[in-house]
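Please walk me through how the pieces of this structure pack together. Keep it brisk.

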Amino acid sequence: MRDSGFVDENTCLVSSVCTRGMTYRGRERGLLTCYPNTSLAVAKELMEAKGIKQLPVVKRGGDRNRERKRRIAGLLHYDALWHCLRKEINHRKEVNRNRRENHLAVETANRH
């Protein structure tokens, strides 16, 4: 007897495990992808909404007839996304800290 939950990698198609068929911001989405100009915040929301760690990045087709013929531009990894966001957050903290120090130095100099 075969276990009905058993997946045979020799006969199972990739399409059977692709993340598809979700609604996001009121729109039905087929295969879950993003575009190169998608913001990191939106890509993060998409990944978290489906609990996935990778998201294909595709180039748009040139016209409506070719829209279905998208080309893979890359693969966005959740960990890389978070690394980039942490780097930006740390950069902004450093900029703000420097501004506060410069402002304090100017106030101190003006008092004397």
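At what angle do the axes of helix 1 and helix 2 cross, and within what distance do they come? This is a predicted model, and in it the two axes cross at roughly 140° and come within 11 Å. Helix 1 covers residues 40–50, and helix 2 covers residues 78–111. The crossing of helix 1 past helix 2 is left-handed.

Now look at the side chains involved. Helix 1 brings Leu-40, Ala-43, Lys-44, Met-47 and Glu-48 to the contact. Helix 2 answers with Tyr-78, Leu-81, Trp-82, Cys-84 and Leu-85. Of the residues in this contact, 8 are nonpolar and 2 are charged. None is polar.

Next, burial along helix 1. Ala-43, Lys-44, Leu-46 and Met-47 are buried there.

What follows helix 1? Just after the helix comes Gly-51, with a positive phi of about 70°.

Thr-33 sits in the loop that joins strand 2 (27–31) to helix 1. Is Thr-33 buried or exposed? Its relative accessibility is 8%, and buried means under 20%, so Thr-33 counts as buried. Which residues does Thr-33 touch, leaving aside neighbours within four places in sequence? Thr-33 is in contact with Leu-46, Leu-55, Pro-56, Val-58 and Arg-70. One of these partners, Leu-46, is among the buried residues of helix 1.

How values were computed. Residues numbered from 1 in each chain as written. Predicted model: local features only at pLDDT ≥ 70, side-chain atom pairs only at ≥ 80, totals over all residues. Heavy atoms only, no water. Axes fitted to C-alpha atoms, helices over the stretch in contact; angles between N-to-C directions. Helix = DSSP H or I, 4+ residues; strand = E, 2+ residues; numbered from the N terminus. Left-handed = near helix turned anticlockwise from the far one by under 90°. Contact = heavy atoms within 4.5 Å. Nonpolar A, V, L, I, M, F, W, Y, C, P; charged D, E, K, R; others polar. Buried < 20%, exposed > 50% of the residue type's maximum accessible area, 1.4 Å probe, protein only.
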